[in-house]
Amino acid sequence: MAVTLEQARRGGYTCLKALLRFAFMVANNLVAIPSYILYLIMLQPLRMLDSKSFWYIEGVLFKWLLAMVASWGWWAGYTVVEWGDDVKAVSEDEAMVLVNHQATGDVCTLMMCLQDKGTVVRQMMWLMDHIFKYTNFGIVSLIHGDFFIRQGRAHRDQQLVLLKEHLEKYYRSRNRKWIVLFPEGGFLRKRRETSQAFAKKNNLPFLKHVTLPRLGATQVILKTLVAPQENGTPAGRDTVIKESKSKGLQWVIDTTIAYPKGEPIDIQTWILGYRQPTVTHVHYRIFPVKDVPVEPEALTHWLYQRFIEKEDLLTHFYETGAFPPLQGQTKAISREMTLSNLWLVGIQSLAFLSGGMWYCIFQYFYHCLF
């Protein structure tokens, strides 16, 4: 089929825009990430004198970095509409966030929609696949204290031990509040067939829009972070909670991400912006942690029920374009998530000014030495 002049112009404009966006992203990373690292190096004396203040500042810088990532999608017209429970009400409490996983853009979507949830972004910990350790953002996540988990049966037991040690060492010492994980253990397109075969073999529901979750990381988090009085946990099991005088994990936030027509956004699209403006829909359900069992069999059933409910939610969304109303509601209520362009421009400007400042400092010392 012949390409019209208008189509050629439109294609050329899309390619040019993608090229310019990619150049901006590269420049953004080249100034923002080294600046984050250098600021924290300069603040090491504060870390020894007052670690609480150090991690507060680190959290603010971390939130700004995530806001920069959010801005790439926001300015491309990739916005978010939220449904279900209002998680702002529990933003100052400790919570575990369970999210379905479809593509790399899921992480970017969360980076965006959690920006307006109080202190959540700067006080959160992420559990992500170990491959992300080797991306441009890997060093930031390492410094922040996120956990990179290696998938596969051969690594599973060792990884769960390492996760428990990581939580005990970093979670409360750095004043973390929310912990985000993807219990499916991989992208939907990669795990769906295996999950469906497992479901058929074990007489479990046939799922198309999600896969059956894995138990390990969720159970470790509950056992390590839930305060002793919750879920019948024996007193004294988790001394890290007693030492920090924390209330412990209080909520589980079941988060469901839905893309129009079931077409997820990947990180390449988020960066290059070649897809038309898209509204991603995020649904939340909040469960008190005291209602979540920790025994393996009961917890497995509870987790399966959450993902069966996700399947129903997504089926309803794909059929109607909206999530169903919450129990007791006659009509589902949605909330458009917004970001301030002025705030995003301010953060981006600060990043480039910081990059210029560090360049001048290095130039000064170079000339002094040589």
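**View 1. Helix 8 meets helix 11.** Thr218, Gln219 and Leu222 of helix 8 touch Pro296, Leu299 and Leu303 of helix 11. By class, this contact has four nonpolar, two polar and no charged residues. Ala, Val, Leu, Ile, Met, Phe, Trp, Tyr, Cys and Pro count as nonpolar, Asp, Glu, Lys and Arg as charged, and the others, Gly among them, as polar. Contact means heavy atoms within 4.5 Å. Axes are lines fitted to C-alpha atoms, for helices over the stretch in contact, and angles run from 0 to 180 degrees between N-to-C directions. The crossing of helix 8 and helix 11 is right-handed. A crossing is right-handed if the near helix is turned clockwise from the far one by less than a right angle, and left-handed if anticlockwise.

The model in every view is predicted: local features need pLDDT of at least 70, side-chain atom pairs count only at pLDDT 80 or more, and totals for chains, interfaces and linings use all residues. Residues are numbered from 1 along each chain as its sequence is written, and side-chain values use heavy atoms, with hydrogens and water left out.

View 2. Eight strands form an open sheet in the order 4-3-5-2-6-7-1-8, with mixed pairing. Strand 4 (147-149) and strand 8 stand at the edges with a single partner strand each, so one side of each lacks a neighbour in the sheet. From one strand to the next, the twist averages 25 degrees. Helices (H or I, at least four residues) and strands (E, at least two) are DSSP runs, numbered from the N terminus. Two strands pair if DSSP finds at least two bridges between them. Strand 2 (residues 95-99) and strand 5 (residues 178-181) run parallel, joined by four bridges. There, Leu98 has Leu181 of strand 5 as its bridge partner. Helix 3 packs on the sheet and touches strand 1, strand 3 (124-129) and strand 8. Helix 6 (residues 156-171) lies across strand 3, strand 4 and strand 5, at about 175 degrees to strand 4.

**View 3. Strand 1 and its two partners.** Seven of the seven residues of strand 1 (residues 78-84) are buried, so the strand is largely enclosed by the rest of the structure. Buried means under 20% relative accessible area, exposed over 50%, partly exposed in between (1.4 Å probe, protein chains only). Seven bridges join strand 1 to strand 7 (residues 278-288) in parallel. Gly84 is bridged to Tyr284 of strand 7. Strand 8 (residues 334-337) pairs with strand 1 in the antiparallel sense, over four bridges. Here Val81 stands opposite Glu336.

View 4. Thr79 lies in strand 1. Its relative accessibility is 18%, so Thr79 counts as buried. Beyond its neighbours within four places in sequence, Thr79 is in contact with Trp74, Met112, Thr278, Val279 and Thr280. Ala76 sits in the loop between helix 3 and strand 1. At 14% relative accessibility, Ala76 counts as buried. Not counting residues up to four places away in sequence, Ala76 touches Arg21, Gly273 and Pro277. Ala76 and Gln276 are 200 residues apart along the chain, yet their C-alpha atoms are separated by 8.1 Å.

**View 5. Helix 12.** Its buried residues are Leu344, Ile347, Gln348, Ala351, Ser354, Gly355 and Trp358. Their cover includes helix 1 (5-42) and helix 3 (51-74).
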